[in-house]
Amino acid sequence: MLLPRLLWHAASASAARGTAHPCARRGVVTAAVAGQQRLYIVDMLPMIHKAVALAASNAAAINQQYQQQQYQHAGGEQGAAHQVMASLLDLLRRSQEPPTHMAVVVDVPGPTFRQLKYPQYKGKRPPTPPGLHQQLACVLALVDAAAIPILAVPGVEADDVLGSLAARAARDGFDVMLVSPDKDMYQLLQPRVRILRSISGSWAPYSCEDFAAEYGLQPGQERLWVDVKALAGDPADNIPGVKSIGQKTALQLVQQLGSVDSILQSCQAQQQPEQLQQVKLRKQQLQILASAEGAAAATFAKQLVTIVTDLKHPPVWQPWSNFELRVPPDGGELAVQRAVNMKLTWTAARLRDLFQQWAKQDSQQAAMAQHW
């Protein structure tokens, strides 16, 4: 995991000097579609986790599906790097709403502010799958060589980096796609921010309207997802929430009363307004929500589940030109050669094709601009 740390230090130093990040050297800028700028932010760790698990449990099926020689050379685990790179290349070649800018976010080893507040945070997660760090390093080496910035900030999670970059981009007029399967991202939805999820091998955008339809909340209430999780807790992150309140009840409370503060206030008043009556809380649930312990649990859980959207760290505040998708100055040869060295021959060929396609498009655009 040295690569993310080195990249973070490089980004911090370059931002402090006012110079370009080393991952965004001068090159040819790819074409924007209809003038709209689209930033794709890739949440890398869930992608690599899924790919490693798939490669380890179903290597034979993957070999048969893709019929790629590199699996036979490198074994099933190496298939994880192939899977992730195939997904990234699919994103870069999207025919509908393709990205013009991209960033990859990863975690930095070491405690975060959530773990300092709550040492049991994520304490029940299983051990890191064998091969994950190796495959992550392979993918990040290829991403780096392709001149796509990798953001990793000590002391915070990748979610916070992603949330802060997305909020900044939306304010600056970008359409933002969060490439992540994590439902925590729901709290970041807004008109200019959507989630891009892989479903049955295809990429499907998930919008504010989709969220409202699925959870019975109104567009503009996406941040209330934090309140649902604060009440119900999050077993994946070992956050208990409020005792006896599950997600179904938590969602009903939020639908009827809104934020955690409003819910606690209604319960502590020892009377049930019409909205609270519709939830049909049991006596025990109402007593817990009205208690000081219940209020403290909900308030503390909300602090833990809320994604930070206002980080001031230099990697988040690089110039937008650093995130432009470009043909690397070397024409992409370093990325291609690294893929070949990793025995990812399919990835190497697709990278070469992609860089050639970008270069061709940019030459055509330059010719048209000169003509006009």
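User: With which residues is Asp 175 in contact, leaving aside its neighbours within four places in sequence?

Analyst: This is a predicted model, in which local features need pLDDT of at least 70 and side-chain atom pairs count only at pLDDT 80 or more, while totals for chains, interfaces and linings use all residues. Residues are numbered from 1 along each chain as its sequence is written, and side-chain values use heavy atoms, with hydrogens and water left out. Contact means heavy atoms within 4.5 Å. With the neighbours within four places in sequence left aside, the contacts of Asp 175 are Gln 36, Gln 37, Arg 38, Leu 39 and Arg 192.

User: Is Asp 175 buried, partly exposed or exposed?

Analyst: Asp 175 belongs to strand E5 (residues 175-179); strands (E, at least two residues) and helices (H or I, at least four) are DSSP runs, numbered from the N terminus. Buried means under 20% relative accessible area, exposed over 50% and partly exposed in between, with a 1.4 Å probe and protein chains only. The relative accessible area of Asp 175 is 21%, so Asp 175 is partly exposed.

User: Where does His 101 lie, and is His 101 buried or exposed?

Analyst: His 101 is in strand E3 (residues 101-105). Leaving aside neighbours within four places in sequence, its contacts include Gln 37, Arg 38, Leu 39, Phe 174 and Trp 320. With a relative accessible area of 3%, His 101 is buried.

User: How are H11 and H12 oriented to each other?

Analyst: Two packed helices are described by the angle between their axes and the distance between the axes. Helix H11 (residues 247-257) and helix H12 (residues 260-268) pack with axes 9 Å apart and at an angle of about 90 degrees. Axes are lines fitted to C-alpha atoms, for helices over the stretch in contact, and angles run from 0 to 180 degrees between N-to-C directions. Angles under 35 degrees count as roughly parallel, over 145 as roughly antiparallel, 65 to 115 as roughly perpendicular and the rest as oblique, and H11 and H12 are therefore roughly perpendicular.

User: Which residues make the contact of H11 with H12?

Analyst: The residues of this contact divide into four nonpolar, two polar and no charged. Ala, Val, Leu, Ile, Met, Phe, Trp, Tyr, Cys and Pro count as nonpolar, Asp, Glu, Lys and Arg as charged, and the others, Gly among them, as polar. H11 contributes Leu 253, Val 254 and Leu 257, and H12 contributes Ser 262, Ile 263 and Ser 266.

User: Against which helices do the buried residues of H14 pack?

Analyst: In helix H14 (residues 283-290), the buried residues are Gln 285, Leu 286, Ile 288, Leu 289 and Ala 290. They pack against helix H10 (225-232), H11, H12, helix H13 (274-279) and H15.

User: Which helix gives the most to the lining of the largest cavity?

Analyst: On a 1 Å grid over the protein atoms alone, a cavity is a set of points where a 1.4 Å probe fits but cannot get out, and a pocket is an open set with protein on both sides within 12 Å along at least five of seven lines; lining residues have an atom within 4 Å of a point. The lining of the largest cavity has nine nonpolar, no polar and no charged residues. Helix H5 (78-92) and H7 each give two or more of them, and the most, four residues, come from H5.

User: What is the volume of the largest pocket?

Analyst: The largest pocket is lined by 35 residues, and Leu 45, Asp 107, Lys 122, Arg 125 and Glu 157 lie nearest its centre. By class, 17 are nonpolar, six polar and 12 charged. Grid points are joined across faces, edges and corners, and a volume is the space filled by probe spheres set on the points. For the largest pocket, the volume is about 1000 Å³.
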